Amino acid sequence: MPPFRVFIFALVTLLGGCKANEPPALKPVSLPNLTRLEESVQAQLGERFQALTAKQQNPAIPAGDLGTEFGEMGTLLMAAGFRDPAEAALLNARSLAPADMRWSFYLGDLYKQKGDIPNAVAAFERALTASPNNVPTMIRLADAALDEGRPDAAEPLLNKALTLQPGSAAAHVGLGRAALAKKDYTRAVQHLEEALKLDSKASVIHYALAMAYRGLGDPRQADVHLQQRGTVQLQPDPLTKALDDVLHSALTYEKNADTAGRRGEWPAAADYLRKAVVLAPTRASPRHKLGTALFYMGDRSGAFNEFQEAVRLSPNFAAAHYAMGVLHEDAGNHPLAIESFSAAIKSEPTYIDARVGLADALRRSGHHEQSLREYERTLKLDPGAVKARFGSAAALVRLSRYQEAGDRLTEAMNLYPNELSFARAAARLLAAAPDDRVRDGRRALGIGQALLSRQPQTIELTETMAMASAEIGEYESAMKWQRQAIEAAARMGRRDMMERLSSNLGRYQAGRPCRTPWQTNEPLEF
């Protein structure tokens, strides 16, 4: 048995002797079985328990100091998932240090986790008595009232919280919920939109906003927010954040990194993951996640090193092989990308993103038939893989099978009307396909006009409008669109586009349409 475990079990054995010295009002606190925890956490809990035991045996220790010791022990136990001993320790902390609102606050959260709402409310009320202007406590109490269907009880707490902390997204969300409960949809929208401005990454707000807009009779806005709904929570308050960070655990650091990553806070995620790597150097998962964080921070080299190390530690780690494939593909190294994506699929045959990545790499490297077969395999596994649908159409274009490509794009436009890539490609194909059976300039122009009402006027879309205008013989209009495309490319420094754009302008000036929807070296991507 490792030395620190012997130490911990010895402390548990000693506990019986400690209890005799405890004040009668205090509840006994003992360490639970820690063997399921990481060694670093076992050591952390053992050391904290030893410090608590020493202070309990010291009659000269001030009650407040002993209360703090119990409180810190309680938060560790709570973070580790041991609710009953955590409750005992936090109750002792509150008895010994009633002026420290933290212990009542954490007890409130603990009771809420247990589903004991009356005790949770009582604990939060004691926390608010100890610290009358504590905003997170007000919001906890207001949330409890809203959960119980009492918006009138919640609103005074939330209004006071907003007075004390005008930038509180949580207070605005609470007031939005209260307004929804009262069917005051205008006020609900005001508060929820303000909450989203204050914390734009909290995707949980979108669902409530959708309900508010639906109540206002605005189905379009309701749909916009329903499509954006998610599980990313509001930024945690400082006390909750402190509890999240209290354990020296690789798994805890990894979990916190996941939370930061979902909010797009990649530097914070990377900091957590570096700590996880130190505590668990032989685990591949934190290495892979650290690589992902570094990738989003723009450190491609650092990301690749972490993915490579993850693969070394776990040769069948499909996600790490896939990530390496993405980096190879971004660098234009198609053979290595194909190798990495293939390794990911070998480890996990139903890995859809890896299959799409392999098909894309094959297509971009000129292996169009192989890429088409891979897209077809992917769509058999997942008919809803929209990138594979687009890729299969792109492969058919490269194979000069324009009619099949057009049919697939038309079908995809109907199936996925909000995926504008299909409409953009269809408009270009209809405007300039070499196959007379496929071209339909007026339809291309109609799709293009619809796109202009739904997206920014990109160089590519402007060029498509020029192609479609030329196809129906409106060369003056085609030249106007094409000059706009050339001017936009010049402003953006896109010299790579200038030769193609100028060449097509010459065609339109000569009264000739375009018959090349995409140049060989021109990207055709989702």
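Here are legends for a handful of close-up views of this predicted model. Residues are counted from 1 along each chain as its sequence is written, and side-chain values rest on heavy atoms, with hydrogens and water left out. Since this is a prediction, local features need pLDDT of at least 70 and side-chain atom pairs count only at pLDDT 80 or more, while totals for chains, interfaces and linings use all residues.

**View 1. Helices α7 and α8 pack against each other.** Here α7 (residues 135-147) and α8 (residues 151-164) sit with their axes 8 Å apart, at an angle of about 160°. (Helices are DSSP runs of H or I, at least four residues, numbered from the N terminus; axes are lines fitted to C-alpha atoms over the stretch in contact, and angles run from 0 to 180 degrees between N-to-C directions.) That angle makes α7 roughly antiparallel to α8, a label for anything over 145 degrees. Among the α7 residues that meet α8 are Val135, Met138 and Leu146, and their partners include Pro151, Leu157 and Lys160; contact means heavy atoms within 4.5 Å. By class, this contact has 14 nonpolar residues, no polar ones and one charged. (Ala, Val, Leu, Ile, Met, Phe, Trp, Tyr, Cys and Pro count as nonpolar, Asp, Glu, Lys and Arg as charged, and the others, Gly among them, as polar.)

**View 2. Helices α11 and α12 form another packed pair.** The angle between α11 (residues 205-215) and α12 (residues 219-228) is about 165°, and their axes lie 8 Å apart. These two are therefore roughly antiparallel as well. From α11, residues including His206, Tyr213 and Arg214 meet α12 residues, among them Gln221 and His225.

**View 3. Leu429 and Tyr508 have the most contacts inside the largest nonpolar core.** This core has 58 residues. (A nonpolar core is a set of buried Ala, Val, Leu, Ile, Met, Phe, Trp, Tyr and Cys residues joined through side-chain atoms within 4.5 Å; buried means under 20% relative accessible area, exposed over 50% and partly exposed in between, with a 1.4 Å probe and protein chains only.) Helix α24 (residues 420-432) gives the most to it, with 10 residues.

**View 4. Lys183 has a positive phi although it is not a glycine.** Its phi is about 60°, and its place is the loop between α9 (169-181) and α10 (185-198). Lys183 is exposed, at 63% relative accessible area.

**View 5. Ser400 has a positive phi too, of about 65°.** Look for Ser400 in the loop between α22 (386-398) and α23 (402-415). Ser400 is partly exposed, with a relative accessible area of 45%.

Methods:
Angles under 35 degrees count as roughly parallel, over 145 as roughly antiparallel, 65 to 115 as roughly perpendicular and the rest as oblique.
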